[in-house]
Amino acid sequence: MSMTIAKPSVRVRSAANAGKRLRWNSIGSAIWPWQLLTLIVFGLLWEYVAANRIIDPLFIGTPSRILSFFFTELFVTGSLASDVLWTLAGTGIAFGLGSLAGIATGLLFVSFPATEKFCDPFFAALNALPRIALAPLFLLWFGLGIGSKIALGFSLTYFIVLSSTVAGARSVDRDFLTLARTLGASRTKIFLRITLVSAVPTLFSGLRLGLIYSLLGVIAGEIIAAQHGLGQQLSYLAGTFQIDGVFAVLLLLALLGSGLTYGMSALESRLIRWR
Amino acid sequence: MAASGLIAVEGLNHTFGGKVNALEDVSFTVAPGEFVSIVGPSGCGKTTALNIVAGLVPLEHGTVTIDGATPRAGRHDVAYMLARDCLFPWLTALENAELGNAFRDMPKEERRAKAIQLLDSVGLRDFKNAYSKELSHGMRQRVALARTFSMPSPCLLMDEPFGALDAQTKLQLESLLLELWSRERRSVIFITHDLNEAVLMSDRVIVMSARPGRIVADIPIPLERPRSVRSLQKDPRFHELYAQIWEKLEYGVFDTNMAEQ
């Protein structure tokens with residue numbers, strides 16, 4: 001007499017995935033021309049309002065001039081390009097240091113809960129402090145250069161990444177830990193292979209937010225006082241009533257921010273394919 | 001296998017938080033290679049008893065030994081399986097199947113070969129590289145079976161491993177478990193609330209009463225092996241045993257309820 005093992009009667013996975021991808025693509029390709037059209041109509045309307053002085057272009061600029069400023073200063077004279085580099089460098093360093101420190105502190109808190117208990121009131125107070133209020137102090141400590149901008153970006157990113165690291169490591173499934181214990185995993189293995197890995201998805205949403213806040217901190221620092229950077233340009237252009245230039249820098253910042261977020265999401269979906 | 005897998009539980013008493021009596025004078029042994037089911041109403045402490053043997057719940061009163069040694073979570077001679085598949089979503093089916101041996105530092109080639117062999121046996125040859133989100137409930141529990149059986153532990157502790165499955169998938173996995181078990185007999189403590197399942201699978205069925213959990217009957221199942229899950233359902237002896245156990249179970253529940261009133 002034989003015991004037959006039934007074959008699993010479940011769909012082949014590549015076929016199911018292909019079906020899903022196809023559907024998303026068709027939705028995507030249906031939507032983006034409409035989005036582009038909306039943008040163009042909005043631009044034309046803006047151009048019309050400004051050209052006919054329904055609203056004074058001194059306040060809202062003119063799209064054609066904004067675009068021309070954008071291309072000239074970025075690609076022809078290149079004066080904006082060096083500011084972009086200064087801002088990106090500040091953002092990158094603030095993000096790198098802030099997230100490394102945030103992850104390290106988070107892991108310390110998770111491994112030794114007493115340290116979190118001790119630090120909690122101090123960190124809560126620091127985090128509740130409007131960080132921009134620290135800008136004058138940072139300027140005094142780190143000077144007019146990139147240092148004070150990095151400090152401001154760091155002070156924002158650090159707490160965001162810290163709390164997402166702790167939340168991620170706490171989100172680990174209790175049953176996974178029980179199973180690992182019965183399977184004979186050591187404490188180190190449980191920490192490295194389960195707690196850490198479980199924390200990655202939550203950590204990534206913290207990193208994405210942290211990156212945007214690094215940019216925010218650096219720009220805010222540059223607006224307050226700086227020699228270089230997009231924030232400094234923004235403040236200079238606004239101060240001299242070059243409203244087309246202000247809008248061109250805002251456009252650039254929106255593109256930079258989206259680019260950074262997109263890059264982060266791409267990295268995330270590469271790293272967490274199992275999700 | 002070096003160890004034989006003799007599990008001995010003697011005079012086990014347990015309370016929840018020092019107040020509620022969970023287990024009262026529970027004693028039984030599982031001989032090497034014996035398949036023993038424990039049935040009882042929910043809350044009767046059968047899972048607690050299992051977790052004490054697994055070393056997950058500290059022992060209060062009584063003695064528990066596995067081949068003469070005291071229980072401790074992570075002992076290599078015990079493999080534990082839960083109702084939930086507990087597959088790690090970031091690992092493939094193959095990586096999940098070899099997880100236990102990976103934690104136990106078995107060399108990579110050896111544990112991989114073992115996992116592939118087990119995945120073949122549970123009918124998942126073509127799903128080695130699938131993540132758990134791509135697998136059905138039944139398939140995930142098959143991977144969990146492969147993970148459990150790929151460890152060379154002489155004792156298997158199973159806490160309602162098929163409790164979350166639909167009736168048909170459950171039948172499939174029951175025959176699968178019987179087949180894996182009959183290849184190299186290990187000692188099994190199998191917790192379930194499904195009498196059908198208990199009679200089909202076991203050499204002995206232990207019936208527990210409602211809280212505080214006591215053993216009200218220890219019934220041998222003399223049906224010959226190998227057993228067919230399907231044909232046994234038509235066997236009159238199967239139904240006799242079923243009725244016998246049901247009576248004991250009913251008595252255990254009823255008796256305790258009367259005592260409380």
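Mentor: In chain B, 6 strands make up an open sheet of mixed pairing, in the order 5-6-7-3-8-9. This is a predicted model, in which local features need pLDDT of at least 70 and side-chain atom pairs count only at pLDDT 80 or more, while totals for chains, interfaces and linings use all residues. Residues are numbered from 1 along each chain as its sequence is written, and chains are lettered from A and ligands numbered from 1 in the order in which they are written.

Trainee: What makes strand 5 and strand 9 of chain B stand at the edges?

Mentor: Strand 5 (78-81) and strand 9 (215-220) of chain B each have a single partner strand, so one side of each lacks a neighbour in the sheet. Strands here are DSSP runs (E, at least two residues; helices are H or I, at least four), numbered from the N terminus. Neighbouring strands of the sheet are turned by 15° against each other on average, direction ignored; axes are lines fitted to C-alpha atoms, for helices over the stretch in contact, and angles between N-to-C directions run from 0 to 180 degrees.

Trainee: How do you know that strand 8 of chain B is joined to strand 9 of chain B?

Mentor: Two strands pair if DSSP finds at least two bridges between them. Strand 8 (residues 204-208) and strand 9 of chain B are joined by 5 bridges and run antiparallel, so they meet that definition. B:Val205 stands opposite B:Ile219 in strand 9 of chain B.

Trainee: What makes domain 1 and domain 2 of chain B touch, and how many residues are in contact?

Mentor: Residues are in contact if their C-beta atoms, placed from the backbone, lie within 7 Å. By that criterion, 12 residues of domain 1 of chain B meet 10 residues of domain 2 of chain B. On the domain 1 side, helix 6 (residues 167-183) of chain B provides the largest share, 6 residues.

Trainee: Which residues are assigned to each domain of chain B?

Mentor: Domain 1 covers 7-77 + 156-260, and domain 2 covers 87-152; such bounds come from an automatic or database domain assignment. The centres of the two domains of chain B, taken over C-alpha atoms, are separated by 26 Å.

Trainee: How many residues does the contact take from chain B and from chain A?

Mentor: The contact takes 31 residues from chain B and 21 residues from chain A. Helix 6 of chain B gives the most to the chain B side, with 5 residues.

Trainee: What confidence does the predictor give the complex?

Mentor: The complex has an ipTM of 0.81 and a pTM of 0.76.

Notes: Two residues are in contact if their C-beta atoms, placed from the backbone, lie within 7 Å.
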